[in-house]
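Please look over the structure shown below before reading on.

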Amino acid sequence: MNLSDKSSIEANSLALEEKQVTEELDPAERTRILRKIDWHLLPFVTLFYLLCFLDRTNVGNAKVAGMSKDLNLTGFRYNIAAAVFFITYGLAEVPSNIALKLFKPSRWIPTIMIAWGLVMTLMCLVNSFQSLVIARLCLGLAEAGLFPGVNYYICHWYPRSERSKRIAIFLSAATIAGAFGGLLAYAIENMEGVGGLHGWQWIFCLEGLATIVAACLAFFVIQDYPETATFLTEQERTYVVNMLKQDTNNLATHYSIQFVLQAMKDYKIYIQVLIYMGIVIPGYVIALFMPTIINELGYSSTHAQLLSVPPFVVACVALIIVGIYSDKHNLRGPYIVGSCFVSLVGYILLLCSTRPGPSYVGVFLAALGIFPPLAVLFAWVGSNAGGDLKRGVALAMVIGLGGMGGICSSFIYIDPPRFHIGHGAAMGFISLSILLSLFAMWDFNRLNKKKEARCLAEGITEERSDEFRNMGDASPLFR
């Protein structure tokens with residue numbers, strides 16, 4: 001027997017042992033272990049993203065609270081200040097996810113949290129349009145790593161069929177931040193004049209300090225990977241590690257530039273970038289301009305802050321429900337398309353209605369439909385990018401390049417009080433996401449059928465998985 005035959009037999013034997021260990025646990029035990037992971041991961045990453053999104057979008061609350069007047073944000077100045085965040089944010093996402101791969105999550109994530117917490121806190125000192133722009137550029141650079149990083153981090157703990165609901169819970173922080181941001185801004189506005197600062201300056205200061213406190217906590221609560229998780233027993237660690245290996249068809253997990261290039265050359269990822277961009281543009285409109293939109297419906301600035309809360313609460317519930325059912329049915333595309341249609345109806349109401357009541361219902365539907373597709377899309381991206389590093393780069397590309405749509409969001413709401421240009425543009429981008437999602441569903445189905453035919457024709461089985469280890473999702477065994 002030659003050396004290659006012996007290695008092949010050993011590899012097959014090891015794969016069978018791993019499969020046996022995984023199958024020893026019944027479904028109830030699998031559920032128990034996943035719930036245990038949930039309780040040790042999700043509360044913390046959800047809190048961190050809540051603070052991240054709050055710090056990113058509180059500029060909208062600060063604008064309504066008087067920042068626009070105090071900093072003389074006339075013309076497109078507020079739009080520019082909102083937009084520049086996405087330049088550094090988008091450019092830093094891929095490098096940040098590579099850094100997360102090279103360094104420990106328990107060190108990288110808290111470090112970037114401290115960085116953006118300091119920027120946010122010091123934003124209370126901005127006294128001109130120019131200083132606000134510089135601060136927003138720095139904030140985008142510092143925040144860039146959290147969102148793609150946590151999505152990538154979740155992929156290291158859960159199989160593909162279990163990710164959508166977890167990402168939905170994590171992403172629900174964005175809707176909670178929208179609701180909480182309005183309430184918090186309403187309360188903090190009453191600190192006008194305290195310490196010589198305006199109410200909007202206190203919004204920046206207090207929310208930034210909260211992030212720094214959470215970052216210090218993060219150093220102690222973030223677990224790196226299942227292999228080293230202290231809250232799992234030895235048997236549980238073995239089960240989770242083997243479960244994830246089987247889920248990814250034993251694809252490569254080491255760092256190599258070839259996996260980065262695989263992601264950058266994959267047309268499917270660019271399709272998903274455009275799907276995300278079509279969702280994120282109207283999504284950021286809701287986050288950045290909801291108080292302004294409601295204010296222009298005829299409500300006072302104080303009431304606008306409060307009325308921005310209920311749509312976010314409803315969107316939070318919808319986000320989690322859609323994530324759960326997407327995993328239950330193991331479907332991604334149809335849930336993206338269906339949710340986008342709901343948001344499209346909301347924007348049609350906003351565009352056509354001239355009365356506050358129906359327009360406010362439009363705000364509800366727009367928010368209700370635009371947040372749920374995000375969790376499903378990220379689960380879709382992570383599930384269809386084969387290989388550990390390629391998955392991280394793919395998520396960062398989708399979030400980074402697609403997130404550049406936030407620049408567009410900042411400039412389309414320029415014609416109050418009806419905002420015809422903004423609502424019409426949002427409808428166009430949602431329609432783009434619907435069409436591209438339909439195409440992606442067809443394309444993934446076509447590729448899977450092609451791989452199944454090849455496996456059947458060439459007799460390719462799981463026992464040959466090591467031959468395709470470095471091929472990523474191009475492997476004929478990857479579905």
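The largest cavity in this predicted model has a volume of about 150 Å³. By the rule applied here, the count comes to six cavities of 30 Å³ or more. Which residues surround the largest one? Its lining consists of 15 residues, and those nearest its centre are Tyr49, Phe53, Val280, Phe371 and Leu374. When the lining is sorted by class, 13 of the residues are nonpolar, one is polar and one is charged. Three helices, namely H2 (27–70), H8 (163–188) and H12 (267–296), each supply at least two residues of this lining. Among the contributors, H12 gives the most, with five residues.

The chain as a whole may now be considered. It contains 20 helices and zero strands. Of its 479 residues, 58% are buried.

In helix H11, which spans residues 257–264, the buried residues are Phe259, Val260, Gln262 and Ala263. Why do they fall on the same side of H11? They cover an arc of only 155° around the axis, and therefore they share one side of the helix.

Ser96 belongs to helix H4, which runs over residues 93–102. Is Ser96 buried or exposed? Its relative accessible area is 7%, and because buried means under 20%, Ser96 counts as buried. The side chain of Ser96 makes a polar contact with the side chain of Trp108, at 3.1 Å. If neighbours within four places in sequence are set aside, Ser96 is in contact with Trp108 and Gly145.

The other serine, Ser353, is located in the loop between H15 and helix H16 (356–370). Although it lies in a loop, Ser353 counts as buried, with a relative accessibility of 11%. A polar atom of the Ser353 side chain lies 3.3 Å from the backbone oxygen of Arg355. Apart from neighbours within four places in sequence, Ser353 is in contact with Pro358, Ser359 and Arg418.

The final topic is the backbone angle phi. Most residues other than glycine have a negative phi. Asn72, however, is a residue other than glycine with a positive phi, near 55°. Asn72 is placed in the loop between H2 and helix H3 (77–91), and at 44% relative accessibility it counts as partly exposed. Asn330 likewise has a positive phi near 55°. Where is Asn330 found? It occupies the loop between helix H14 (309–329) and helix H15 (333–352). With a relative accessibility of 53%, Asn330 counts as exposed, because the cut-off for exposed is over 50%.

Technical notes
Residues numbered from 1 in each chain as written. Predicted model: local features only at pLDDT ≥ 70, side-chain atom pairs only at ≥ 80, totals over all residues. Heavy atoms only, no water. Buried < 20%, exposed > 50% of the residue type's maximum accessible area, 1.4 Å probe, protein only. Helix = DSSP H or I, 4+ residues; strand = E, 2+ residues; numbered from the N terminus. Arc of directions from axis to C-beta. 1 Å grid on protein atoms, 1.4 Å probe; cavity = no way out; pocket = protein on both sides within 12 Å on 5 of 7 lines; lining within 4 Å. Points joined across faces, edges and corners; volume = space filled by probe spheres on them. Nonpolar A, V, L, I, M, F, W, Y, C, P; charged D, E, K, R; others polar. Polar contact = N/O pair within 3.5 Å; in protein donor to acceptor, adjacent residues only side chain to side chain. Contact = heavy atoms within 4.5 Å.
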